[in-house]
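Have the sequence and the 3D view ready as you read.

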Amino acid sequence: MAKAKILMVEDDVSLAEMYQKKFTNDGYEVVLAYDGQEGLKKSAEVKPDLVLLDIMLPKLDGLALFKKMRGNPATFNTPVILLTNFGQEDLVFECFKLGAVDYLVKSDVTPQQVVKKVEGFLSEQKK
């Protein structure tokens, strides 16, 4: 049985697939979305336990996606961890005002560190 369901919204296909493989190997169910519109649709459809959200996305950026998630009762309380690039502090701050639980700078973390961060957050949620 999967530990939890994670939605990863990331436009870098190879990066998203690498994370999907790592999370799947660790027992998680992972759904991928490659742009903001697809991420918004899947966030309501699959009802993930957690969303890993890139901020710079095609079609609908991460901040706009996050705002729409918070406006939908089905996704209002879904925890979001941001995956950002260095230099996006203003957008990160806006997302924290919306209730983001954490953020990771992509260039500063390994897939294993991301998995550990997610595991730590999800285990805290169960308490």
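## A word to start with

Here, a residue counts as buried when its relative accessible area is under 20%. Keep in mind that this is a predicted model.

## Helix α3 and its hidden face

Helix α3 covers residues 62–70, and its buried residues are G62, L63, L65, F66, M69 and R70. Looking down the axis of α3, you'd find these buried residues within an arc of 160°, so they line one face of the helix. There's a general idea to go with this: an α-helix has 3.6 residues a turn, so residues three or four places apart point the same way.

What covers the buried residues of α3? The cover includes the strands β1 (5–9), β3 (50–54) and β4 (80–84), along with the helices α2 (36–46) and α4 (89–98). Now check the start of α3: there, a side-chain oxygen of D61 comes to within 2.9 Å of the backbone nitrogen of L63.

## The sheet

The sheet is open and has five strands with parallel pairing, in the order β2-β1-β3-β4-β5. At its edges stand β2 (29–33) and β5 (102–105), each with a single partner strand, so one side of each has no neighbour in the sheet. From one strand to the next, the twist averages 20°.

Zoom in on β3 and β4, which pair in the parallel sense over four bridges. L53 stands opposite L82 in β4.

## Helices on the sheet

Helix α3 packs on the sheet, where it touches β1, β3 and β4, and its direction makes about 150° with that of β3. Helix α5 (residues 111–126) packs on the sheet too, touching β1, β3, β4 and β5; the direction of α5 makes about 140° with that of β3.

Technical notes. Residues are numbered from 1 along each chain as its sequence is written. This is a predicted model: local features need pLDDT of at least 70, side-chain atom pairs count only at pLDDT 80 or more; totals for chains, interfaces and linings use all residues. Side-chain values use heavy atoms; hydrogens and water are left out. Buried means under 20% relative accessible area, exposed over 50%, partly exposed in between (1.4 Å probe, protein chains only). Helices (H or I, at least four residues) and strands (E, at least two) are DSSP runs, numbered from the N terminus. The arc is that of the directions from the helix axis to the C-beta atoms. Contact means heavy atoms within 4.5 Å. A polar contact is a pair of N or O atoms within 3.5 Å; within protein, one must be able to donate a hydrogen and the other to accept it, and residues adjacent in sequence count only if both atoms are side-chain atoms. Two strands pair if DSSP finds at least two bridges between them. Axes are lines fitted to C-alpha atoms, for helices over the stretch in contact, and angles run from 0 to 180 degrees between N-to-C directions.
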